[in-house]
Amino acid sequence: MIYYFSTTGNSLALARKLAAALGDGICSVTRTREKTLEGPAVGLVFPVYYGDVPANVQDFVRSHAFPEGAYVYALATCGSTWAGPSGPFSSSWEKRAAILPGAGQYRLSPTAPSA
Ligand SMILES: Cc1cc2nc3c(=O)[nH]c(=O)nc-3n(C[C@H](O)[C@H](O)[C@H](O)COP(=O)(O)O)c2cc1C
């Protein structure tokens with residue numbers, strides 16, 4: 001399952017594209033009621049907020065159980081400036097590496113070919 005957070009639609013559009021490509025489903029982090037996440041693969045898609053993972057997504061990660069052995073991955077959209085080496089995946093995010101062993105980073109460029 002791909003869990004997403006999106007306010008203006010960029011991360012939702014990305015989650016939808018990814019779901020179509022992977023044959024997976026999507027679910028909003030704000031509407032997920034189950035405390036255990038679904039799937040052999042768990043995706044997280046969200047915007048970068050202030051160079052970090054949005055607080056509600058951080059809460060979501062902390063408060064949900066990831067299925068045993070699940071492949072966990074994350075994709076973040078951003079406005080202009082990827083936070084770089086001091087960004088979400090290398091600062092606060094890495095502190096939760098035990099929770100998200102599969103987390104990585106992908107830079108999305110406006111000029112990148114669409115998937
Ligand atoms: C409160 C807030 C903080 C943001 N902080 C950053 C930032 O630090 N770096 C950046 O590149 N974009 C930043 N953005 C832009 C969003 O990451 C970008 O527009 C994203 O694609 C929005 O995703 P969404 O349409 O799924 O909500 C910020 C946007 C908001 C609303």
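1. In what follows, Ala, Val, Leu, Ile, Met, Phe, Trp, Tyr, Cys and Pro count as nonpolar, Asp, Glu, Lys and Arg as charged, and the others, Gly among them, as polar. By that division the shell around the ligand has six nonpolar, 11 polar and no charged residues. The structure under review is a predicted model.

2. More on the ligand. There are 17 residues around the ligand, and those that come nearest are Ser-6, Ser-11, Pro-47, Cys-78 and Gly-79. Helix α1, residues 10–22, gives the largest share of the shell, three residues.

3. Overall make-up. The chain has two helices and four strands, and from the N terminus on these elements run β-α-β-β-α-β. Of its 115 residues, 23% count as buried. Among contacts between residues at least 6 apart in sequence, 78% join residues at least 24 apart.

4. The sheet. Four strands form an open sheet in the order β2-β1-β3-β4, with parallel pairing. Strands β2 (26–28) and β4 are at the edges and each has a single partner strand, so one side of each is left without a neighbour in the sheet. From one strand to the next the twist averages 20°. Helix α1 packs on this sheet and touches β1, β2, β3 and β4. The direction of α1 makes about 155° with that of β3.

5. Pairing, strand by strand. Strands of a sheet pair through backbone hydrogen bonds, either parallel or antiparallel. Here β1 and β2 run parallel and are joined by three bridges; within this pair, Tyr-4 has Ser-28 in β2 as its bridge partner. Strand β1 (residues 2–4) also pairs with β3 in the parallel sense, again over three bridges, and the bridge partner of Ile-2 in β3 is Gly-43. Between β3 and strand β4 (residues 71–77) there are seven bridges, also in the parallel sense. In that pair Ala-41 stands opposite Tyr-71 of β4, and Val-45 stands opposite Leu-75 of β4.

6. Strand β3. This strand covers residues 41–47 and is mostly covered, with five of its seven residues buried. Together with helix α2 (residues 55–63) and β4, strand β3 makes a right-handed β-α-β unit.

7. Ile-2. This residue lies in strand β1. Why is Ile-2 buried? It has 22 other C-beta atoms within 10 Å, and a residue is buried if 20 or more lie within that distance. Leaving aside neighbours within four places in sequence, Ile-2 is in contact with Ala-15, Leu-18, Ala-19, Asp-24, Gly-25, Ile-26, Gly-43 and Val-45. Gly-43, in this list, is also the bridge partner of Ile-2 in β3. Ile-2 and Val-72 are 70 residues apart in sequence, and their C-alpha atoms are 9.7 Å apart in space.

8. Tyr-3. This residue, too, lies in strand β1. Tyr-3 counts as buried because it has 26 C-beta neighbours inside 10 Å. The C-alpha atoms of Tyr-3 and Ser-28 are separated by 5.5 Å, although the two residues are 25 residues apart along the chain.

9. Tyr-4. Strand β1 holds Tyr-4 as well. Tyr-4 is buried because 25 other C-beta atoms lie within 10 Å. Which residues does Tyr-4 touch, not counting residues up to four places away in sequence? They are Ser-11, Leu-12, Ala-15, Ile-26, Ser-28, Val-29, Val-45 and Phe-46. Of these, Ser-28 is the bridge partner of Tyr-4 in β2, and Ser-11 is one of the residues that come nearest to the ligand.

Methods. Residues numbered from 1 in each chain as written. Predicted model: local features only at pLDDT ≥ 70, side-chain atom pairs only at ≥ 80, totals over all residues. Buried ≥ 20, exposed ≤ 12 C-beta atoms within 10 Å, placed from the backbone. Pairing = 2+ DSSP bridges. Right-handed = clockwise from strand over helix to strand, strands pointing away. Contact = placed C-beta atoms within 7 Å. Near = placed C-beta within 6 Å. Axes fitted to C-alpha atoms, helices over the stretch in contact; angles between N-to-C directions.
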